[in-house]
Amino acid sequence: MSVLDGILAGVREDLAERKRATPLAELRSRAADAAPAIDPLPAFRAPGVSVIAEVKRRSPSKGALADIPDPASLAVQYAAGGAAAISVLTERRRFGGSLADLDAVRARVDVPVLRKDFIVDPYQLWEARAHGADLALLMVVSLDDGQLVDLMGLCEELGLTPLVEAHTADEVRRAAAAGAELLGINARDLTTLDVDRSVFAELVTAIPDGTVKVAESGVTGPKDVAEYRGWGADVVLVGEALVRSGDPSTAVREFIEAAGHRARRS
């Protein structure tokens, strides 16, 4: 069993528990009452590089990363530094996240919020919208073509923007064929947890023109963001380097400015 297989098994167990606790009808009602989702694409298409700053307590590869008792406060600091969006990990077992974190962040920031999780079921997209998310991560590696298309269609229905993530040339092809407008290339192989940032450089040329290109994983400092930008990234998603920085607001600003674009001012 790969690392990803183990994660997905836990995700499905936790999902089954949430389905028993909260009927889909209740989620639909809450989603209908939620404020309209924010479209992140105009900001992502602006000149320079955008940063998606991540609320991330731990990871399968590194273990505990940071004590984050107040995810909303961290998100506010990210936004003050110019983050174009906030990513909130909601997977519990390996990443220490929760939907409560998503609620807390949504209540405090006015930039788009991404639900980052291992989404394999439509119920999770209804959860995302009911808890105020504007974007949702869809990983090609964990979905067949039919599931990917169906989940992207539900995203459109709900007003969510799907961030479709790939790691191989075949996954990029599948994401493009499904019509992804926001396509991420993850430098981390989720089956082994190995990281190779050059994967982005190798695969970015296969992404169709007009698609917003997102570089994920492998950022340790501003130079890595600048390199991703040089390879063609429109957006860079950063987690570990920010939660360990000691000054998240300044770190976000330095990452953006390293790629030659002035940070958004609050």
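Biologist: How many bridges join strand 5 to strand 6?
Modeller: Strand 5 and strand 6 (residues 135-139) are joined by 2 bridges and run parallel. Strands pair if DSSP finds at least two bridges between them. Helices (H or I, at least four residues) and strands (E, at least two) are DSSP runs, numbered from the N terminus.

Biologist: Which residue in strand 6 is the bridge partner of Arg115?
Modeller: Arg115 has Ala136 as its bridge partner there. Between the two strands, the chain passes through helix 6 (residues 122-130), and this β-α-β crossover is right-handed. That means clockwise from the first strand over the helix to the second, with the strands pointing away from the viewer.

Biologist: Where do these numbers come from?
Modeller: This is a predicted model, where local features need pLDDT of at least 70 and side-chain atom pairs pLDDT 80 or more, while totals for chains, interfaces and linings use all residues. Residues are numbered from 1 along each chain as its sequence is written, and side-chain values use heavy atoms, without hydrogens or water.

Biologist: And strand 4, how many bridges does it make with strand 5?
Modeller: Strand 4 (residues 85-89) pairs with strand 5 over 4 bridges, in the parallel sense. Leu89 has Lys116 of strand 5 as its bridge partner.

Biologist: Which residues of strand 5 lie on each side?
Modeller: Val113 and Arg115 are on one side, Leu114 and Lys116 on the other. All four are buried (under 20% relative accessible area; exposed is over 50%, partly exposed in between; 1.4 Å probe, protein chains only). Both faces of strand 5 (residues 113-116) are covered.

Biologist: New topic. Which residues of helix 4 are buried?
Modeller: In helix 4 (residues 71-81), they are Pro71, Ala72, Leu74, Ala75, Tyr78, Ala79 and Gly81.

Biologist: What do they pack against?
Modeller: Strand 1 (50-55), strand 4, helix 5, helix 11 (240-243) and helix 12 (248-258). Gly82 follows helix 4, with a positive phi near 110°.

Biologist: Now Asn186. Buried or exposed?
Modeller: Buried, with a relative accessible area of 5%. Asn186 sits in strand 8 (residues 182-186).

Biologist: Which residues is Asn186 in contact with?
Modeller: Leaving aside neighbours within four places in sequence, they are Glu165, Ala166, His167, Val199, Glu216 and Ser217. Contact means heavy atoms within 4.5 Å.

Biologist: Which side chain makes a polar contact with that of Asn186?
Modeller: The side chain of Glu165, at 3.2 Å. A polar contact is a pair of N or O atoms within 3.5 Å; within protein, one must be able to donate a hydrogen and the other to accept it, and residues adjacent in sequence count only if both atoms are side-chain atoms.
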